[in-house]
Each structure stands twice: as C-alpha cells, then as structure tokens.
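Work through the exercises below with the structure at hand, and try each task before reading its solution.

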Amino acid sequence: MSFSVGQVARLAGITVRTLHHYDEIGLLTPGERTHAGYRRYTDADLVRLQQILLYRELGFPLEEIAVILDEPHTDELTHLRRQHELLTRRAQDLGKVINAVERLIDAHTLGIALTPEERFEIFGDFRPEDHDAEVDRRWGHTSQYAESRRRVASYTKADWLQLKAEAAALNDDLVAAYKAGLPADGEHAMDLAERHRGHITRWFYDCTPHIHRCLGDLYVDDPRFTATFDALAPGLAPYLRQAIHANARRHTPH
C-alpha cells in the first residue's frame, strides 16, 4: 500500500510543499512513482518521515537529520530511544522553567521588594506579567492572597534565599520518600506534607488543613503544577496530593 503526497501531507499535518522540498534535497525520496511520475509514499517512507518530524521538533536542522537517519547500522528503535532521551531532557528543562515562572508570578503580583538584579539572581529571567490576570482571577479576592502579599512585600534578598533553600530541601526529601516507595499515607510522607503546610504558613499565609487539601488537588488538576513536581520525579504530584490528604485527615477533628 502506498499514499499520495496529499494523503501524506494530511496525515503528518504538514504541507505538500514541505514534502516536495524534502524530496528535492534527498531527505525523503518517495519509494514509488506512478507511470505519470506522481510521488507515492510507502510505509517505510512514512516511518522515515516520522523520524524527520521528531528530530525537527527537537530542533535539528535538515542537513543534520539527513546525516543521522543515514547512519549505518542504526534502526528505528535506536532513533526512538535517542528521541525519547532528548524529549525527556526537554520535559525536565520545561518543568524547571514552569517552576521559575510560577515563583516570578508570586514575585510580581505580591509586591516583592527586590531590586531587578536581586530578582534575576533569585528567580531568573522570566516575565510574570503575562500571568497577572489569571492570578487576580483565581486568588485576588481571598484573605490568604492579601496576607501573602503583605508578608512578602517586606522580604529581603536573604529572606527569599532562605525560603528558596527550605523549599528545595523539602522537595529533595519528598523525592527521596517517593523513590524509596514509602506509602503516601504513611507517617513519614504525612510528616513531609505537614512540613509543606508549615512552609506555606511560615512564609505566605495560614494554610489550614482544608486549604492544604485544596492545594494538593490543584497540584494534580492543573497540568502546570503537575509538570513542576513531575520534573523532580515523574508521579510526584499525585504522591504529594495523597500525602497532603492523609495529613489533613490526621489533623482534622472527627
């Protein structure tokens, strides 16, 4: 079975012109031609096209993709493993970016009293202004937002560095517990959840068990929060939510 250039373009979500270009530069030459000279793409051609598009998504130039795909003794599985590794790295980097953006959203919307140089040193070079509307819509009306804004307005560079170090240490301990297979509703995981709640209470606002439970749900329901935690360890977000819920039950009177 073979496919016309139009069919392949629709399947791959690219233009016919792109396929013509790939043919012209020898990157993807159709395996068959009709008697009238029209291009026909085989299953093997579609596999090669998939590899081309994956490498393009990863930022490789066409010339380099041609060299990679034509390496001797390199099969499809080898390419897929290489691409999986590259995509995993990108996902981890993206998780770090998301985490930094979220910290900067807080920095901007909560009135952090830092110089531009200090903000860059602590939070990185990102623009939280693009998220102001969402932050105001979701939390602007709450007393916790007002309390957090009041507190952080007075924080110095030293305060923020201490806050950041405490959060990093807590994250490291959470990852260690998760990777060790400790149950999310066990004592150690619940104690870590309580540390998490205490960290929020100490630095931002009084985080009650009920509020903390809602935050745990947010970490899973909002893919941006999930990506932040999963960048530390895939599956960490739901693990933390379970620990938070278990800890909330432990601290809620029956």
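**Exercise 1.** Does phenylalanine 225 count as buried or exposed, and at what relative accessibility?

*Solution.* The model is predicted, so local features need pLDDT of at least 70, side-chain atom pairs count only at pLDDT 80 or more, and totals for chains, interfaces and linings use all residues. Residues are numbered from 1 along each chain as its sequence is written, and side-chain values use heavy atoms, with hydrogens and water left out. Buried means under 20% relative accessible area, exposed over 50%, and partly exposed in between (1.4 Å probe, protein chains only). Phenylalanine 225 has 18% relative accessibility and therefore counts as buried.

**Exercise 2.** Describe the aromatic pair of tyrosine 155 and tryptophan 203, and say what the pair ties together.

*Solution.* Rings of Phe, Tyr and Trp (its six-membered ring) pair if their centres lie within 6.5 Å; planes under 30 degrees apart count as stacked, over 60 as edge-to-face and the rest as tilted. Six aromatic pairs are present in the structure. In the one formed by tyrosine 155 and tryptophan 203, the centres are 5.4 Å apart with 85° between the planes, which is edge-to-face. Because tyrosine 155 lies in the loop between α8 (143-152) and α9 (157-179), while tryptophan 203 belongs to helix α10 (residues 187-203), the pair ties together parts 48 residues apart in sequence; helices here are DSSP runs (H or I, at least four residues), numbered from the N terminus. Tyrosine 155 and tryptophan 203 are both buried.

**Exercise 3.** Which geometry does the pair of tyrosine 219 and phenylalanine 225 have?

*Solution.* With 5.8 Å centre to centre and 40° between the planes, this pair is tilted. Tyrosine 219, at 7% relative accessibility, counts as buried.

Key. Helix = DSSP H or I, 4+ residues; strand = E, 2+ residues; numbered from the N terminus.
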